[in-house]
Amino acid sequence: MSDARESWITGIGLVSCLGEGPDAHLRALNEDAPRVDSTAFAPYVVHRIVPLDFDKQIPKKGDQRQMEPWQRIGTYAAGLALDSAGLKGKTDLLSRTDMIVAAGGGERDAQVDLNVTAGVAKAKNPEAFVNERLMNDLRPTLFLAQLSNLLAGNISIVHGVTGSSRTFMGEESAGVDAVRIAHARIAAGQSNLALVGGAYNAERWEVMLHFAMGRCLSHDAHKSVWERAGMELGTIGAFLVLEEKGHAERRGATPFARIATVVADHARRSSGAVTATLERLWSGIAPRLDVAHAAVISGASGVQPATAEERDFLASRGLAVRATATHLGHGLEPQFPANIALAAAALRTGRLFAPCDASERPMEAVLRQAVVTSIGHWRGEGLALIETVS
Amino acid sequence: MNRPVVVVTGYGVVTSLGAGAQDNWAKLSAGQSGIREITRFATDGLKTRIAGTVDFVPVEPSINAPELSQRLAEMAAEEAIAQSGIGTPGDFPGPLFIAVAPVEIEWQQRCEVARASGANDALGYPDLMRAGESGRFHGYYERFLFGSVADRIAERFGTKGSPISLSTACASGATAIQLGVEAIRRGETEAALCIGTDGSVNAESLIRFSLLSALSTSNDPPQAASKPFSKNRDGFVMAEGAGVLVLESLEAAKARGAKILGVIEGCGELADSFHRTRSSPDGKPTIGCIRNAIADAGLAPDDIDYINPHGTSTPENDKNEYISIAAVFGERAKSIPISSNKSMIGHTLSAAGAVESVFSLMTLEHQRIPPTINYQLPDPAIPLDVVPNVARDARVTHVLSNSFGFGGQNVSLVMGREPR
């Protein structure tokens, strides 16, 4: 590790049902009960985002109008991260900032979908009917909210990040790989400064329907991650600024923490596959772990059997664990960046936040390392080791 | 500069012209068009009724975009891996980077769930959710996950590690190659499988592009619709296809005695912050992108002797691309051959950067430049040598391939014949 260039986290932008910014998140995790909405999408529980004043990060109303909620949330969170890193408005630095966004697809017009679907049943020529309705009912600009790469596009336009722009897709793995590749590029000297993260809007029927088809949503009352059988979706925007140590020092940026390692794999899911992959990935970071001062921030989704396998694996390691989706809900692509943000914020205070449910134990010792996990609800496994910069 | 040199040891391609590099090359160099009337779905009420569909691949009419994208990617990847002779079947010794078309549940599935709900007049989401939860639609859940195409390609070809699905809109295929090049240069791997695939020609995609006035409406005859750099160009033609490259470090390729088909010499990128669908009028981002690629290759603009442009046939792209090329190449801009594959195969969207990289490598290999067809009315504002209508033999040592996309995405690649 000694000759590799270090990646520091010098900026965090985080928004969710817990509020805005890392401090608000730590406060809510330490003090509050989970905030859930059980009525809007009943019988499903959703972790709805707090109201945001978009004008603060997206000053032009015209820009806001060109975006759907997931893009506004992501562009807002990206702006917070750039502010936090002291990059906002610094054209020269922004033009050299490499961006990797983890994204799914954007909002559809749920009402148009419903109207057309209802009409098809009665249409004489169903295909022609769909064509006619879509030609008339789709807003032209909606397409631009649906393209996966248009969150990145909006961040370029609103904040001027233009060094490079890549969008990864693929649920939780997209978030893991975005951080992994940005970190690897910095370590190898291919990049000095990166903006990495994503956004997810859970408050949409079309994504509910998709996961309902997979029968991977938790029903009825709110439960903690370890008690759920399925996901409680959550709206999340999470961005990190990663920066090469020397680059950060030269411009006087203070780090939250450093990213020591990010590893990922892709197991064929069968019984025991998650455990086996976790064991292999964990063995890569274990030699560096200072067990007395380390904790796990788990990205477990609640979907079984992956979550039970992760729970049992983590129990065997003996570290304090926090499954943050109990509070945040599960937001797929940005979940891993969000959990790295929470880990980095906690590391800066030297204290792990409070247990997320009764099965998690408190941690008294000073926090110096955090292992962030991501076991995708369907595919993809990843770990990051985040450390205090001493 | 002791970074690994990245070479190509296998390529594969499927377009509306056919399956396989040789078949495609024969038709490209003969100036044939693969654009045709759409027959897979009803085009009633649509302004555009043509596309570069891959009709020779037998598919059920209900095929969806991820399914077809996967099938095309499999065909092209089989070809590329067989040609390279790398690994063993089902065990590719490196990661997967795959550019995929947008993934969304389509009308077929939505209507099927609605029928299963039994709801009559007042269809609501609770009805759809109830039917969705029945368990009958688990296959659709998996199919419409964003990672599903990559997952299945990774399993079939046995690529290593976490497969990366990506989208940079119409630059996606080039981004997949760029990510593979970077991974090899970092020394993380000695090989990478880079794919761009797109099977998203369906009614809704067509309508969405149509509503943005991006598509040609010159339906008759379909073969004449795509006319890059012509004065009467009126939009691009949507198309399907897949392009695949097997990338390896020069050292690894030599060690196993692989035939080297070409070199990915440089990658350049620069995002545009001007507008969601339009390029910066001063061309600065695309100019910077091209310059970055040439510099990354350790070359000067004078070393480029053929350009495979983005060349979509939209009024805006072709003009902007000319401005950028003129800025980078100066007086030489008028004399460097530049020909758009899209005049024949249409715009294969997420696959375009990869498909056109395969054709750029074949141009180097054959020392023959495929034409820009349908060039009947030159645009005086774009004084370029577009290799009009007929292929041309030429000495080609370094190719520049451009890919520009919605969302300010710009990627350029520089490819060469021999390792230097």
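How many of the eight residues of strand E9 (residues 262-269) of chain B are buried? I looked this up before anything else. The model is predicted.

**Entry: strand E9 of chain B**

I found that eight of the eight residues of E9(B) are buried, so the strand is largely enclosed by the rest of the structure. Next I checked its pairing. Strand E1 (residues 6-15) of chain B pairs with E9(B) in the antiparallel sense, over two bridges. In that pair, B:Val8 has B:Gly262 of E9(B) as its bridge partner. E9(B) also runs antiparallel to strand E14 (residues 409-416) of chain B, and six bridges join them. There I noted that B:Gly268 is partnered by B:Ser412 in E14(B).

**Entry: chain B as a whole**

I counted elements next. Chain B holds 13 helices and 14 strands. Its C-alpha trace spans about 70 × 50 × 40 Å along the principal axes.

**Entry: domains of chain B**

The domain assignment of chain B gives domain 1 (7-104 + 144-407) and domain 2 (108-142). I found 37 Å between the centres of these two domains, taken over C-alpha atoms. Their contact takes five residues from domain 1 of chain B and four residues from domain 2 of chain B. On the domain 1 side of this contact I noted two nonpolar, three polar and no charged residues.

**Entry: domains of chain A**

I then turned to chain A. Its assignment gives domain 1 (7-109 + 141-250) and domain 2 (257-387). Their centres are separated by 19 Å, taken over C-alpha atoms. The contact takes 56 residues from domain 1 of chain A and 48 residues from domain 2 of chain A. Several elements of domain 1 each supply at least two residues to that side, including strand E1 (7-16), helix H1 (22-31) and helix H9 (171-187) of chain A. Which element gives the most to that side of domain 1 of chain A? It is H9(A), with ten residues. By class, that side has 32 nonpolar, 18 polar and six charged residues.

**Entry: where the chains meet**

I looked at the contact between the chains. It brings 61 residues of chain A together with 64 residues of chain B. Among the elements of chain A that give two or more residues are helix H5 (110-120), helix H6 (126-137), strand E5 (164-169) and H9. H6(A) gives the most, with seven residues. The chain A side of this contact has 28 nonpolar, 22 polar and eleven charged residues.

E5(A) pairs with strand E6 (residues 164-166) of chain B in the antiparallel sense, over two bridges. I found A:Phe168 opposite B:Leu166 in E6(B).

**Entry: helix H7 of chain B**

Helix H7 (residues 172-185) of chain B has 14 residues. From first C-alpha to last, H7(B) reaches 20 Å, close to the 20 Å expected at 1.5 Å a residue. Is H7(B) largely enclosed or largely exposed? I found 13 of its 14 residues buried, so H7(B) is largely enclosed by the rest of the structure. Just after H7(B), B:Gly187 takes a positive phi of about 80 degrees.

I searched for cis peptide bonds. One joins A:Ala42 and A:Pro43, with omega about 10 degrees. A:Pro43 sits in the loop between H1 and E3 of chain A. Another joins B:Asp220 and B:Pro221, with omega about -5 degrees. B:Pro221 lies in the loop between helix H8 (203-211) and strand E8 (241-249) of chain B.

A:Glu171 has phi near 50 degrees. A:Glu171 belongs to helix H9 of chain A. Why does A:Glu171 count as buried? I found 26 C-beta neighbours inside 10 Å of A:Glu171, so it counts as buried, since the cut-off is 20 or more.

B:Val387 has a positive phi near 50 degrees as well. I placed B:Val387 in the loop between strand E11 (368-369) and strand E12 (392-393) of chain B. B:Val387 is buried, with 22 other C-beta atoms within 10 Å.

Definitions and conventions: Residues are numbered from 1 along each chain as its sequence is written. Chains are lettered from A and ligands numbered from 1 in the order in which they are written. This is a predicted model: local features need pLDDT of at least 70, side-chain atom pairs count only at pLDDT 80 or more; totals for chains, interfaces and linings use all residues. Domain bounds come from an automatic or database domain assignment. Two residues are in contact if their C-beta atoms, placed from the backbone, lie within 7 Å. Helices (H or I, at least four residues) and strands (E, at least two) are DSSP runs, numbered from the N terminus. Ala, Val, Leu, Ile, Met, Phe, Trp, Tyr, Cys and Pro count as nonpolar, Asp, Glu, Lys and Arg as charged, and the others, Gly among them, as polar. Two strands pair if DSSP finds at least two bridges between them. The expected span of a helix is 1.5 Å times one less than its number of residues. A residue is buried if 20 or more other C-beta atoms lie within 10 Å of its own, exposed if 12 or fewer, and partly exposed in between; C-beta atoms are placed from the backbone.
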